[in-house]
Amino acid sequence: MLRGRGKTLYNADAEWDRFRPNWYQRRHYRSVRDDDRRILTHTRDHFAAHAPGEGAVGLDVGPGPNLYPALAMLPFCSRVDLIEYSSTNVQWLQRRAAGLEADDGEDWAPFWAVLAENAAYAERGGDQPLRQVADKVVVTPGSVFDLPEAQWDVGTMFFVACSISSEVDEFYEAVRCFLHALRPGAPFAAAFMIGSDGYQVDGVEFPAVRVGQTMIEEAIRDMAGDAKVIPIPSGGGDPLRDGVEMALALGLRAG
Ligand SMILES: C[S@@+](CC[C@H](N)C(=O)[O-])C[C@H]1O[C@@H](n2cnc3c(N)ncnc32)[C@H](O)[C@@H]1O
């Protein structure tokens with residue numbers, strides 16, 4: 001088994017079924033960090049400005065135990081598809097989609113509160129905005145590399161293309177497949193770690209490609225109109241990991 005940094009670890013070779021969703025959620029999404037707030041705010045305003053029409057279907061690729069990309073799409077959608085490769089993450093997501101209780105240290109209301117600062121969200125959220133997860137989310141096991149073409153009206157892919165392989169070709173291919181899956185004109189948001197060459201989830205190593213702003217721009221430019229890549233400083237006094245920053249790509253699927 002290929003393992004460890006400095007060696008090529010293809011997406012299919014990493015141990016995705018050892019990904020521990022509860023550990024990851026507590027590590028990253030116990031509260032709204034400054035970087036999450038910036039990502040949510042930019043994504044929210046982009047989707048509100050380019051809201052898809054009635055009956056729209058959303059796509060979040062590789063959600064893991066992070067519900068905030070789905071929350072950012074749910075008010076505009078009749079359904080949001082979560083396509084996830086790891087069986088442990090699929091099980092975690094299915095429990096949320098079934099309306100089962102959150103775990104200790106898991107609270108998505110503060111993430112929703114950031115979204116609801118925009119009137120388009122506040123108006124569409126209803127009395128119980130978090131119920132939208134149980135009402136509209138469909139969880140499907142699958143891979144970004146197998147997505148069908150032009151099926152979704154709005155899409156998110158957060159910390160996936162850069163964080164599922166150490167092979168640079170798989171980074172470009174994952175971005176291409178994600179954008180290819182959206183209908184022309186669909187608004188999208190894609191978040192990336194900048195400068196990561198791997199990460200651990202509860203002691204298990206997962207691969208990453210050390211991407212930078214220019215690589216992200218290259219990956220999206222042929223398939224995205226009006227796109228921008230926004231640097232997101234990590235942490236705000238609490239960097240997620242030393243030397244690692246983030247970026248958020250926003251745009252509309254070209255075509
Ligand atoms: C670094 S985590 C990001 C999780 C989450 N999107 C977030 O914002 O924190 C990478 C995610 O990609 C998933 N993944 C790995 N390979 C994938 C593939 N081929 N297709 C779709 N998702 C994949 C992993 O299971 C994991 O949930």
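Start at the ligand and select Y29: an N or O atom in its side chain is 2.7 Å from an oxygen atom of the ligand. Keep in mind that this is a predicted model.

**Stop 1: around the ligand**

Stay with the ligand and select E84. One of its polar side-chain atoms lies 2.5 Å from an oxygen atom of the ligand. Now pick S143. Here a polar side-chain atom lies 3.0 Å from a nitrogen atom of the ligand. Next, show the whole surroundings. There are 20 residues around the ligand, and Y24, Y29, G62, E84 and F158 come nearest.

**Stop 2: the largest pocket**

Rolling a probe the size of a water molecule over the atoms shows where empty space is left. The largest pocket has a volume of about 580 Å³. Select F19, Y24, F159, S163 and Y199 to find its middle: among the 40 lining residues, these lie nearest the centre.

Which element supplies the largest share of this lining? Color α1, which gives four residues. Along with α1 (21-28), the elements α2 (34-49), β1 (57-61), β2 (79-84) and β6 (199-201) each supply at least two residues. Color the lining of the largest pocket by class. You will see 22 nonpolar, 11 polar and seven charged residues.

**Stop 3: the second largest pocket**

Move to the second largest pocket, with a volume of about 310 Å³. It is lined by 15 residues, and L100, A102, W108, L130 and V133 are the closest to its centre. Select helix α7, residues 131-136. This helix gives the most to the lining, with three residues. By class, the lining of the second largest pocket has eight nonpolar, two polar and five charged residues.

**Stop 4: two loop residues**

Go back to F159, one of the residues nearest the centre of the largest pocket. F159 sits in the loop between β4 (154-158) and α8 (168-180). Its phi is near 55°, a positive value in a residue other than glycine. Is F159 buried or exposed? F159 counts as buried because its relative accessibility is 11%, under the 20% cut-off.

Now select D202. Look for it in the loop between β6 and β7 (204-206). D202 also is a residue other than glycine with a positive phi, near 50°. Its relative accessible area is 32%, so D202 is partly exposed.

**Stop 5: R44 on helix α2**

Select R44, which lies in helix α2. R44 is buried, because its relative accessible area is 7%. The side chains of R44 and D45 make a polar contact at 2.8 Å. Further along the sequence, beyond four places away, R44 touches V114, L115, E117, N118 and Y121.

**Stop 6**

What surrounds Y121, leaving aside neighbours within four places in sequence? Select T43, R44, F47, A48, L71, A72, P75, F76, W112, L115 and A116: Y121 is in contact with each of them.

How values were computed:
Residues are numbered from 1 along each chain as its sequence is written. This is a predicted model: local features need pLDDT of at least 70, side-chain atom pairs count only at pLDDT 80 or more; totals for chains, interfaces and linings use all residues. Side-chain values use heavy atoms; hydrogens and water are left out. Contact means heavy atoms within 4.5 Å. On a 1 Å grid over the protein atoms alone, a cavity is a set of points where a 1.4 Å probe fits but cannot get out, and a pocket is an open set with protein on both sides within 12 Å along at least five of seven lines; lining residues have an atom within 4 Å of a point. Grid points are joined across faces, edges and corners, and a volume is the space filled by probe spheres set on the points. Ala, Val, Leu, Ile, Met, Phe, Trp, Tyr, Cys and Pro count as nonpolar, Asp, Glu, Lys and Arg as charged, and the others, Gly among them, as polar. A residue is near a molecule or strand if one of its heavy atoms lies within 4 Å of it. A polar contact is a pair of N or O atoms within 3.5 Å; within protein, one must be able to donate a hydrogen and the other to accept it, and residues adjacent in sequence count only if both atoms are side-chain atoms. Buried means under 20% relative accessible area, exposed over 50%, partly exposed in between (1.4 Å probe, protein chains only).
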